[in-house]
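Please examine the sequence and the model before reading on.

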Amino acid sequence: MPPKKSTTAAAPAAHAVTLAGKVETLVPSAKAMMGISTAFGGLVPALDRARQFDVNALAAVVHLGLGRPTATGKELERTAAQVCAADLTDVAVAVVGYLSDLMNGGSQVKPKAG
């Protein structure tokens, strides 16, 4: 008899970024997903820009992924300054993983069994 398939979704991966010396976790949510989609015209354009290390894109995704208010204004500028002062490679890796998880319904992407 074949093994039963699990019907539970994988737990979201923790996508942590260090901003101003504090570790923050990007949290998958419908609000963040919709905000990112609105800001970039979809999740794929956001992912493309994150892969290109677009600092504005990274800052906007981090801002929305942390549940901060809309991706405009002084609060976004503060997040952008924190992202610029952080290890940009670490931020980009976290953002790309986070966006990939959002595209997977908020669950961690698992490799397919082969």
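Which residues of the largest nonpolar core touch the most other members? They are Ile 36, Val 62, Val 91, Val 95 and Leu 99, in a core of 29 residues. A nonpolar core here is a set of buried Ala, Val, Leu, Ile, Met, Phe, Trp, Tyr and Cys residues joined through side-chain atoms within 4.5 Å. Buried denotes under 20% relative accessible area, exposed over 50%, and partly exposed in between (1.4 Å probe, protein chains only).

The model is predicted: local features need pLDDT of at least 70, side-chain atom pairs count only at pLDDT 80 or more, and totals for chains, interfaces and linings use all residues. Residues are numbered from 1 along each chain as its sequence is written, and side-chain values use heavy atoms, with hydrogens and water left out.

At least two core residues come from each of β1 (15-19), α1 (30-40), α2 (43-51), α3 (55-65), α4 (73-85) and α5 (88-103). These elements are DSSP runs numbered from the N terminus, helices being H or I with at least four residues and strands E with at least two. Beyond its neighbours within four places in sequence, Val 62 is in contact with Val 17, Leu 19, Leu 26, Thr 79, Val 83, Val 91 and Val 95, where contact means heavy atoms within 4.5 Å.

The lining of the largest pocket comprises 14 residues, with Lys 31, Gly 35, Leu 64, Arg 68 and Thr 70 nearest the centre. A pocket is an open set of points on a 1 Å grid over the protein atoms alone, where a 1.4 Å probe fits and protein lies on both sides within 12 Å along at least five of seven lines; lining residues have an atom within 4 Å of a point. Helix α1 gives the largest share of the lining, five residues.

Arg 68 also takes part in one of four salt bridges, each defined by a side-chain nitrogen of Lys or Arg within 4 Å of a carboxyl oxygen of Asp or Glu.

| Pair | Closest N to O |
|---|---|
| Glu 77 and Lys 74 | 3.9 Å |

Glu 24, in strand β2 (residues 22-26), and Arg 68, in the loop between α3 and α4, are 44 residues apart. Glu 24 is buried at 18% relative accessible area, and Arg 68 is buried at 13%. Arg 49 is partly exposed at 31%. Glu 77 and Lys 74 lie three residues apart in helix α4, about one turn, and Lys 74 is exposed at 66%.
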